[in-house]
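I opened this two-chain entry to note how the pieces are arranged. My entries follow, one topic at a time.

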Amino acid sequence: MRQLPEKQHALPRICIISSGQEKNKEGTHLSSLFESIPDDANCMVQIREKHLGGLALYNLACLARKKRGTKKVLLLLNERADIAFVSGLDGVHLPEKACSPAALKEGGLEMLFGCSVHSLQSAIEAERSGADYLLFGPVFDTPSKRRYGPPQGIEKLKQVCRLTHLPVFALGGITMETAPFCREMGAYGCAALSLFLDSALLAGTLEQLNLIWQK
Amino acid sequence: MAKVIPMPPFLCVITDEEMNPVSLAAEALRGGAPMIQLRHKSADGRALFDWALEIRKRCTEHGALFIVNDRLDIAMASGADGVHLGQEDIPLRAARKAVGNTMLIGISATSIEEAQKAQDEGADYIGLGHIFPTISKEKHHPPLGLEALEKAASLISIPILAIGGITMENAPALISAGAAGIAVISAVSRAQSPLQAAKELSRVINLNR
């Protein structure tokens, strides 16, 4: 049995989402990400490479586990609970329209379950169906999410944080300037992709974000 | 509980990406198909799971096997009898380690070598193809033909399901060549009556027994 973090309060405050640009099983981007994550960093990494098939994702997941080494980083895979399970990752991150955590657990896939939610209703549903944490967004304006309409805003983030008992990670337009507002609204932590793309700045970025949540 | 592959020769109906998989499966089952494979590459996980539950229920009612293509997670969550994996899906060994013998694992092979390897690694059955030219899926290889099927059947002891370009007319030859069964998409899904097509295919493959 894999070691689950001692319920939700052991979860890190920061979730790094992978670049979505892996070309193949060599995992060039993930490898360099893991090289830039400091040994003592407290964060989780969500592998989100939706264009890759099962075998490529499996290879990438195994590679990520190897690259993680003894770092405390939690590893999750987007959507594919089966691949997360067979490759020994810590959990799966489910899109809003994925199979529910409850159904996957019922089928024997026990692991950490994160759920993307874009409304209060789906936040409540995800909590009811056994999610361990929620990812809510886009909170702020972000170029990659513009096609889905205007950002949700921090008031909505606040409502989600109040209405559920789960840790809520804010996503979308997270920067050093916006992160403190998320914390103020009750977000447990934050998730981002582009914020972490510059490997030279990664260690500093992680440290500063962690400080925001320690204050 | 170990699952059992139907007595040969048998028909496996694979759902068609272009239509509702539940109603297609229901018709195929009423036409006597003893094995249904849910295959949908572009659906959301939740839709796939909902379909899987519906087909699971109907397969149980008909005493038929229910297999999910590619998505082992959906197979496990819906209580399917098995999962069917392609060469670009989760590796067989990894899948087997996760499910043990509680689930059947079928492997798609496009050559005798791939089929042999799948058998060595513990596959329960092989989907070998495409045997004939087909329009259902885009193909990168020429069709294998009946001779390759015959050769594979003589070398491999686990059941081989012939797939690709199967019609009422050519189906019996596949069984004569040693296939344990046939797997079809369009021969059933695109027929005027999928129910009648399933019935008729089951009949013609049993003529030469």
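**Helices on the chain A strands**

I started with α2(A), which lies across β2 (44-47) and β3 (74-78) of chain A and runs at about 170 degrees to β3(A). "Lies across" rests on contact here: two residues are in contact if their C-beta atoms, placed from the backbone, lie within 7 Å. For angles, axes are lines fitted to C-alpha atoms, for helices over the stretch in contact, and values run from 0 to 180 degrees between N-to-C directions. Helices (H or I, at least four residues) and strands (E, at least two) are DSSP runs, numbered from the N terminus.

I then checked helix α5 (residues 120-128) of chain A. It lies across β5 (112-117) and β6 (133-136) of chain A, at about 165 degrees to β5(A).

**Model and numbering**

I note that this is a predicted model: local features need pLDDT of at least 70, side-chain atom pairs count only at pLDDT 80 or more, and totals for chains, interfaces and linings use all residues. Residues are numbered from 1 along each chain as its sequence is written, while chains are lettered from A and ligands numbered from 1 in the order in which they are written.

**Barrel**

Which strands make up the closed barrel of chain A? I traced eight, in the order β1-β2-β3-β4-β5-β6-β7-β8, with parallel pairing. Two strands pair if DSSP finds at least two bridges between them. The twist averages 25 degrees from one strand to the next.

I looked at where β1 meets β8. Strand β1 (residues 14-17) and strand β8 (residues 189-192) of chain A pair in the parallel sense over three bridges. A:Cys15 has A:Ala191 of β8(A) as its bridge partner.

**Around β6(A)**

β5(A) and β6(A) pair in the parallel sense over four bridges. A:Ser116 stands opposite A:Leu135 in β6(A). The chain goes from β5(A) through α5(A) to β6(A), a right-handed β-α-β crossover. Right-handed is defined thus: with the strands pointing away from the viewer, the path from the first strand over the helix to the second runs clockwise.

On its other pairing, β6(A) joins strand β7 (residues 168-171) of chain A in the parallel sense over three bridges. There A:Leu135 stands opposite A:Phe169. β6(A), helix α6 (residues 154-163) of chain A and β7(A) form a right-handed β-α-β unit.

In a regular strand the side chains alternate between the two faces of the sheet. I checked the directions: A:Tyr133 and A:Leu135 point one way from β6(A), A:Leu134 and A:Phe136 the other way, and all are buried. Buried means 20 or more other C-beta atoms within 10 Å of a residue's own; exposed means 12 or fewer, and partly exposed is in between.

**End of β3(A)**

A:Asn78 is in strand β3 of chain A. It counts as buried because it has 22 C-beta neighbours inside 10 Å. Leaving aside neighbours within four places in sequence, I found A:Asn78 in contact with A:Gln46, A:Ile47, A:Arg48, A:Lys50 and A:His93. A:Leu57 is 21 residues away from A:Asn78 in sequence and 9.8 Å away in space, C-alpha to C-alpha.

Most residues other than glycine have a negative phi, and most peptide bonds are trans. I listed the exceptions I looked up.

- A:Glu79, in the loop between β3 and α3 of chain A, has phi near 70 degrees. This residue is buried, with 22 C-beta neighbours inside 10 Å.
- B:Asp70, in the loop between β3 (65-69) and α3 (72-78) of chain B, has phi near 70 degrees. It is buried, with 24 C-beta neighbours inside 10 Å.
- B:Pro8 and B:Pro9 are joined by a cis peptide bond, omega about -5 degrees. B:Pro9 is in the segment before β1 (10-14) of chain B.
- B:Gly129 to B:His130 is also a cis peptide bond, omega near 0 degrees.

**Chain A against chain B**

How many residues of each chain are in contact? I counted 20 of chain A and 19 of chain B. On the chain A side, α2 (54-68), α3 (81-86) and α4 (101-106) each give two or more residues. The largest share, five residues, comes from α3(A).
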